[in-house]
Amino acid sequence: MLLLAIETSCDETAAAVVRDGREVLSSVVSSQVTTHAVYGGVVPEIASRKHLEMITPVILQALLEADVPLSAIEGITVTRGPGLSGALLVGLSTAKAISLACGIPFVGVHHIEGHLFAPFLEQVVPFPFLALVVSGGHTHLYHVEGVGRYTTLGRTVDDAAGEAFDKSAKIMGLEYPGGARIDAMARDGNAQAVKLPRPLINDGSLNFSFSGLKTAMMQQIARNPVLIPGRQANDLCASFQQAVCDVLVAKTTAAIRQTSAKRLVVAGGVACNSGLRESMTRLALTCGADLHIPHPTLCGDNAAMLAVPGDYYLEHGLSSPATLDVTATWEMDRVSEVFR
Ligand code: KG4
Ligand code: ZN
């Protein structure tokens, strides 16, 4: 099946053409990062307007790069939530319009379903597997038995890992979004230099908490302002990144033991982080699990990843009704509520 995928949940307008949920013919991502950077974070109203401006050019570019006419598209997969409502509405309305005009089905999928299955675009990943999703809005551990069959094992009780990276970067005076910048500076820093907490690391649960780490960063900078660029700033970045990775590794190890998982998927924007990629590689070796982390271009928000669950649903005759609405919050155990 030849699918058009559309993603507009936050600050990336993305479209892709994917064959059979596997073969990526094109993947176009138009980022709004520079627009929002001056405000230090995503401004929802501006995000919606930017999506409205870019959605048609991005879709046309995806069709052009795939060398596929719109008339050849057999179905559409689109992010229905969670995310910014106004941003989601642009993608969903566009998907509905194309579906109606071309007489093809569309299906609304969960943004995190996309992240979870991104590795499927590059390699064969047998079910079941354990998944750690680390993004700007999520830090979740899932047991995945198949498409649409997810059990939440653990989640953040406050900030997500990406949020912690971005907020800590902001405290340090680094430009939004600071995750990648902290990663780059951490490479030249000493991860043992600054003592930072590892929240909930030994609490016996599979939940995460990162807001205390952000407070510790604030206190650290209030006591000892760092100059950027400089060795002290690099040390603080490395120490912060190590603290986040230590918690993610400890909880993922516990989840692997608890579920006897043989495979581990690590996905979402924070899966780009070089320290986390190294830590997860070591963890998988220690636990004897196969590790699947997408290429960095597939870790961040993109539309191609939505084609994996989208293709599965449409091939199984599951599509969404024209009345489907977006949702800003949506639990993964309720993904089936989008079907007609
Ligand atoms: O998955 P994603 O693109 O969007 C959401 O669904 O949220 O994730 C974005 C998050 C941001 O918080 C960003 O700072 C973080 O991923 N991120 C990183 C890195 N690259 C992106 N965090 C740490 N290290 C990186 N290299
Ligand atoms: Zn995302």
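A polar contact is a pair of N or O atoms within 3.5 Å; within protein, one atom must be able to donate a hydrogen and the other to accept it, and residues adjacent in sequence count only if both atoms are side-chain atoms. On that basis, four residue pairs are in polar contact between domain 1 and domain 2, with both residues of each pair at pLDDT 80 or more. The model is a predicted one.

**Domain arrangement**

- The chain is divided into two domains: domain 1 covers 2-117 + 299-338, and domain 2 covers 127-293.
- Taken over C-alpha atoms, the centres of domain 1 and domain 2 are separated by 27 Å.
- In the contact between the domains, 22 residues of domain 1 take part, together with 25 residues of domain 2.
- About 1700 Å² of area is buried between domain 1 and domain 2, and carbon and sulfur atoms give 72% of this area.
- L116, F117 and C299 supply 32% of the area that domain 1 buries against domain 2, more than any other three residues.

**Polar and charged links across the interface**

- The rule finds one salt bridge across the interface of domain 1 and domain 2.
- E331 and R155 form a salt bridge through their side chains, at 3.3 Å from N to O. E331 falls within the 299-338 segment of domain 1, and R155 within domain 2 (127-293).
- On the side of domain 1 that touches domain 2, the elements giving two or more residues are α1 (33-37), α4 (111-117) and α11 (307-315).
- Among these elements, α4 gives the most to that side of domain 1, with five residues.
- Sorted by class, the side of domain 1 that touches domain 2 has 13 nonpolar, five polar and four charged residues.

**Surroundings of ligand 1**

- There are 18 residues around ligand 1, and those that come nearest are G136, D166, D183, G269 and N273.
- G136 places a polar backbone atom 2.8 Å from an oxygen atom of ligand 1.
- H111 approaches through its side chain, with a polar atom 3.1 Å from an oxygen atom of ligand 1.

**Backbone geometry**

- Most residues other than glycine have a negative phi, and most peptide bonds are trans.
- G81 and P82 are joined by a cis peptide bond with omega of about -15°. P82 is found in the loop between β4 (75-81) and α3 (85-102).
- A cis peptide bond also runs from Y176 to P177, with omega near -10°. The loop between α5 (161-171) and α6 (179-186) holds P177.
- D20 is not a glycine, yet its phi is positive, at about 55°. This residue, D20, sits in the loop between β2 (12-19) and β3 (23-31).

**Salt bridges in the model**

- The count of salt bridges by this rule comes to 14.
- One of the salt bridges is formed by the side chains of K50 and E53, at 3.3 Å from N to O.
- What separates K50 and E53 along their helix? The two residues are three apart in helix α2 (residues 44-66), so about one helical turn lies between K50 and E53.

Note on methods:
Residues are numbered from 1 along each chain as its sequence is written. Chains are lettered from A and ligands numbered from 1 in the order in which they are written. This is a predicted model: local features need pLDDT of at least 70, side-chain atom pairs count only at pLDDT 80 or more; totals for chains, interfaces and linings use all residues. Side-chain values use heavy atoms; hydrogens and water are left out. Domain bounds come from an automatic or database domain assignment. Contact means heavy atoms within 4.5 Å. Buried area is the accessible area (1.4 Å probe) that two parts lose on being put together, summed over both. A salt bridge is a side-chain nitrogen of Lys or Arg within 4 Å of a carboxyl oxygen of Asp or Glu. Helices (H or I, at least four residues) and strands (E, at least two) are DSSP runs, numbered from the N terminus. Ala, Val, Leu, Ile, Met, Phe, Trp, Tyr, Cys and Pro count as nonpolar, Asp, Glu, Lys and Arg as charged, and the others, Gly among them, as polar. A residue is near a molecule or strand if one of its heavy atoms lies within 4 Å of it.
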